[in-house]
Amino acid sequence: MRIFLIFLLSTISLTGMKTSSSDFPTLARSEFVFACMSSNASNRDFMAKCSCAIDEIAKRMTYKEYAQAEAIARLQYGASPREEAYKSVGLSKERMDKLYSAQAASELECF
Amino acid sequence: MSILKKSIVASAALALPFAVSANSKLEKMMKDPNQWVQQSGDYAGHRYSELDQINKSNVGSLKVAWTFSTGVLRGHEGGPLVIGDTMYVHTAIPNIVYALDLNDNQRIIWKYNPVKGGKYPGGETMDRVISVMCCDNVNRGVNYHPNGTIVLHAADTSVIALDAKTGKEKWITTNLHAGTGKYGVSASTGSGQPFIIKDTVGVGCSGAEFGVRCNWTSYDIKSGKRLWRAYSMGPDKDMLVDPNKTTSMLKPIGKDSSLKTWPGDSWKIGGGSIWGFYGYDSKLNTLYYGTGNPSTWNPVVRPGDNKWSMTINARNPDNGMAKWLYQMTPYDEWDYDGVNEMILVDMKVKGKNRQALVHFDRNGFAYTMDRASGELLVAEKYDPAVNWATHVDMKTGRPQVVDRYSTAHQGEDVNTTNICPAALGTKDQQPAAYDRMSGLFMVPTNHVCMDYEPFKVDYVAGNAYVGATLSMYPAPGGTHLGNFIGWDADKGKIVWSNPEPFSVWSGAMATAGGITFYGTLEGYAKAVESKTGKELFSFKTPSGIIGNFMSYTHKGKQYVGILSGVGGWAGIGLAAGLTDPTAGLGAVGAYSALSSHTALGGVLTVFALP
């Protein structure tokens, strides 16, 4: 038990060190972890994996870029002209490519 | 042509008699800045609040006062109303309406859902309506009549009058049936606001992608009885025009002005939808609205001007008769719907006092007209990227189309490239605001171009009738897809322009605090100085913003409200893709798991000073 606690604390402090170097608000990280756990499993194991993943993503892109990728992902639900404009070209492609490669890297690191 | 119409008069609620005419009572309420009683703030569509507690010196410290989750995903356009101490909030499909008690921590007084047992009042299933609904299931909001009625224009085109106090149905009538496939009314949907004038409520219709023939229909507010209907195209009597009295460019339009401009009877599926934000001038007793694109998107099959698609309509709201019409884009080849908002401003134009109408069209031109006579005063590009026409000929009112960007000139199955703007228009429905202090118009815009390839399609009732393949991208020379601009409608010039990474798809609101609010697709609620465009405030809401800002006071304090909500919840897509790329967006299992934790969906964020 004690060993586990120490492990947990060290994980937290390490995570803390990593986050200080990027501009992701805690709310954005929490939302990612929440969504990630919801779509995988709501347990301690995935809380760690998902937290690791968002920290890895945050190392590879700015929050501004992430927010843009998030907006594009949201728009890709629809099929109207508005959404069409954001599917595959220009900024959209750039942002999504960056997000996908950050996601791929985070998967290698964390899962 | 007879239109299949079914009226259901539910619970015969009694309308209270009132001494003052409803029109003047509603107009009086619009002048009270403590309330927000109409989607556009007022009949003139100014979207201007006289409140100045929140102003350019303190807006930077604005904080979230409270939030409200609508529980409905997808696009949340329009905005809430505030009548007295009650706020009315609507949602995307299924078009729920909530009444919130501002005196009691936004407690839900009543909640109304028009979909019962999976069906809308008109009898169509919600799934069928969604299948023919363009654009993220949006609805542009409810409106209020001073006899205590909230009116909802639901997605199946049902017009629903609700008791503002209890949420009980007073009457329901289905305007046009969605998805029934009846010739000429197939697949019409409702997304535009119901527009209250005097003791009537008028609605347009959506669905030009489905070969509908759209119209404006006016109903009696007390009974729901149909009063008149004016089609966007067809015989004179269907359009409610007088060949000798109705004018265009100051001249009578003459007999069969529409029929002559369509091959055969193709006007019967001619489109011309109406779903933007409208204007009304009580002194001139004139209603103003714009009509959308002609069907199909393939222009080759419908040579002619396709009147009166793409047209500003000025009509008498008592009987529907058209006073004047102005077609902005004759023979549309790009889907530049003319539905955008009509802003009525008394202003100097070229040194002369005018009762003006200002309209930022999808086609990239901003028009200033004399709203009494229909005279064209100014027509200038409000995005320098616009290239499909060189200019508008001020004598004829016709845009001078460039062959290189004419999809009809290039022909069927030819990909016409680098057309600006894209089909989204330089601006879509997202309404601009008029800043009464600086005299400038605050305009949310798109900065997107496209390739457009028309192809032949056969019309099948109730099915999409598009007939063009499009791809869109940022305008040349940049990577940003939008601008928020300050516009001088007299000179026809951009005064300032703020680039935005995405199209600005939210409605603007200017205030007497010298500031203007708008939102972005990333979800940022922003405030800028109206005179200069300088950014003073930015806050990230939970989703993208395509709703319209509004302001009101409660117990003497000013609040600013905005709906956010676009598409699905991105968090899930970004996160779900991690372990299973196929489980990305729209993962049903994940959503059901989430719904037990939190109310997802559109969120109303209300700001106030600390």
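Predicted model: local features only at pLDDT ≥ 70, side-chain atom pairs only at ≥ 80, totals over all residues.
1. Start with the overall make-up of chain A. You'll find 6 helices and 0 strands there, and reading along the sequence gives the pattern α-α-α-α-α-α.

2. Next, how chain A packs. It has 111 residues, and 38% of them count as buried. Take the contacts in chain A between residues at least 6 apart in sequence: 67% of these join residues at least 24 apart.

3. Helix α2 of chain A, residues 26-39, is worth a quick check. With 14 residues at 1.5 Å a residue, α2(A) should span 20 Å, and its end C-alpha atoms are 20 Å apart, so the two values agree.

4. Which residues of α2(A) are buried? The list runs A:R29, A:E31, A:F32, A:V33, A:A35, A:C36, A:M37, A:S38 and A:S39. As background, an α-helix has 3.6 residues a turn, so residues three or four places apart point the same way.

5. Now over to chain B, where 3 strands make an open sheet in the order β28-β31-β32, with antiparallel pairing. The edges are taken by β28 (416-419) and β32 (468-474); each has a single partner strand, so one side of each is left without a neighbour in the sheet. From one strand to the next, the twist averages 20°.

6. Last, a closer look at one pairing in that sheet. Strand β31 of chain B covers residues 448-454 and runs antiparallel to β28(B), with 2 bridges joining them. In general, strands of a sheet pair through backbone hydrogen bonds, either parallel or antiparallel.

Definitions and conventions: Residues numbered from 1 in each chain as written. Chains lettered and ligands numbered in written order. Helix = DSSP H or I, 4+ residues; strand = E, 2+ residues; numbered from the N terminus. Buried ≥ 20, exposed ≤ 12 C-beta atoms within 10 Å, placed from the backbone. Contact = placed C-beta atoms within 7 Å. Pairing = 2+ DSSP bridges. Axes fitted to C-alpha atoms, helices over the stretch in contact; angles between N-to-C directions. Expected span 1.5 Å × (residues − 1).
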